[in-house]
Amino acid sequence: MSSMTQVGAVTALVCATAAAWPAGERRSGARRAHLLLAGGEAVGTGPPERPGPARRLREAHGRVRPEWWAPAVGLVLAVLGTSVLPAVAGAAGLPLLRRVRLAREARRARERRGDSVIALCGVLAGEVRAGRQPGEALLRAAQESGGLGEARSAVLAAARFGGDVPQALAVAARRPGAEGLLGLAACWRVAVDQGAGLAAGLDRLEGALRVQRDQRADLRAQLAGARSTALMLAGLPVLGLLLGAALGTDPLRVLLHTGAGLVCLLAGGLLEGVGLWWALRIVRGAEAE
């Protein structure tokens with residue numbers, strides 16, 4: 001009787017395992033499908049792969065702002081020179097470097113916005129030439145190119161519900177780099193009010209914007225040499241300090257702990273800052289013209 005009970009138990013266990021196996025496969029397949037449809041990178045059943053040291057280093061480097069190198073370098077020089085002046089100078093340079101970084105990021109955002117406006121004009125011209133109505137063409141072009149940016153909702157609402165599209169485009173053109181939307185607003189107004197060809201005007205507008213962008217890029221490439229020369233000359237005092245340290249003269253002690261050294265450090269730093277500011281001002285003036 002006991003043997004029959006054991007056989008029955010084993011049979012029940014085998015049946016339960018066989019019944020649970022397809023369910024487990026279904027759950028596993030459902031999990032893989034969920035990961036695949038959700039856009040996950042891993043479609044297996046194992047745990048997600050941990051990021052490697054190189055990836056973690058890149059992520060940490062991306063989180064650290066470049067301006068924080070100023071107080072770090074100042075602290076190192078303060079320790080090496082046994083003086084608090086480098087640390088103070090590094091802390092004072094933090095807002096200046098932050099301003100430089102923000103200006104560079106704003107310039108890149110302005111360039112990206114200008115490129116997206118050019119793409120918007122090209123896609124919109126193609127949609128209109130394909131036979132779509134201007135409002136529908138603008139909706140499709142904005143979705144494909146992203147040229148309207150933050151003002152997309154207002155412009156698309158005006159196009160969808162019969163609002164003042166040129167006015168909405170003029171408001172969107174107030175963002176730096178999106179000035180080309182003023183030309184798009186003018187083309188739209190002329191095409192709607194006077195029945196002129198919108199696609200032809202958009203083609204001319206796109207060509208003009210491309211020419212302006214290429215001119216700015218060419219001018220920036222020509223001025224890159226002057227900017228690099230100014231930055232290289234600004235770094236020559238650091239090279240002098242390294243050469244002095246290599247020769248065993250201990251320049252940090254002379255500059256930070258003697259009266260003549262402090263005077264030279266103050267005068268040199270002032271002249272260095274003024275010279276660098278003046279050189280970069282000339283380059284920015286050439287770019288603005």
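Predicted model: local features only at pLDDT ≥ 70, side-chain atom pairs only at ≥ 80, totals over all residues.
## The overall picture

Which pattern does the protein chain follow when read along the sequence? It is α-α-α-α-α-α-α-α-α-α-α-α.

Residues are numbered from 1 along each chain as its sequence is written, and side-chain values use heavy atoms, with hydrogens and water left out.

Of the 289 residues in the protein chain, 24% are buried. Here buried means under 20% relative accessible area, exposed means over 50%, and partly exposed is in between (1.4 Å probe, protein chains only). Contacts, meaning heavy atoms within 4.5 Å, are also worth a look. Among those with a separation of 6 or more, 51% join residues 24 or more positions apart.

## Helices that run antiparallel

Start with helix α3 (residues 69–81) and helix α4 (residues 85–129), whose axes are 7 Å apart and pack at an angle of about 170 degrees. Axes are lines fitted to C-alpha atoms, for helices over the stretch in contact, and angles run from 0 to 180 degrees between N-to-C directions. α3 and α4 are therefore roughly antiparallel to each other; angles over 145 degrees get that label, under 35 is roughly parallel, 65 to 115 roughly perpendicular, and the rest oblique. On the α3 side the contact includes A70, P71 and G74, and on the α4 side it includes P86, A87 and G90. By class, this contact has 10 nonpolar, three polar and no charged residues. Nonpolar covers Ala, Val, Leu, Ile, Met, Phe, Trp, Tyr, Cys and Pro, charged covers Asp, Glu, Lys and Arg, and the others, Gly among them, are polar.

Helix α6 (residues 152–160) and helix α7 (residues 165–172) cross at roughly 175 degrees, and their axes come within 9 Å. That makes α6 roughly antiparallel to α7. A154, V155, A158 and A159 of α6 meet V165, A168, L169 and A172 of α7, and the residues of this contact divide into eight nonpolar, no polar and no charged.

## The α9 and α12 pair

Helix α12 (residues 259–288) packs with α9 at an angle of about 180 degrees, the axes being 10 Å apart. That makes α9 roughly antiparallel to α12. Among the contact residues are R220 and R227 of α9, along with E272 and E287 of α12. The class count here is 12 nonpolar, no polar and four charged residues.

Elsewhere in α9 (residues 198–234) sits E206. E206 is buried, with a relative accessible area of 15%. Leaving aside residues up to four places away in sequence, E206 touches I118, C121 and G122.

## A closer look at α5

Helix α5 (residues 134–145) has 12 residues and reaches 16 Å from its first C-alpha to its last, close to the 16 Å expected at 1.5 Å a residue. That expected span is 1.5 Å times one less than the number of residues. The buried residues of α5 are G135, A137, L138, L139, A141, A142 and S145. After α5 comes G146, with a positive phi near 70 degrees.

Technical notes. Helix = DSSP H or I, 4+ residues; strand = E, 2+ residues; numbered from the N terminus.
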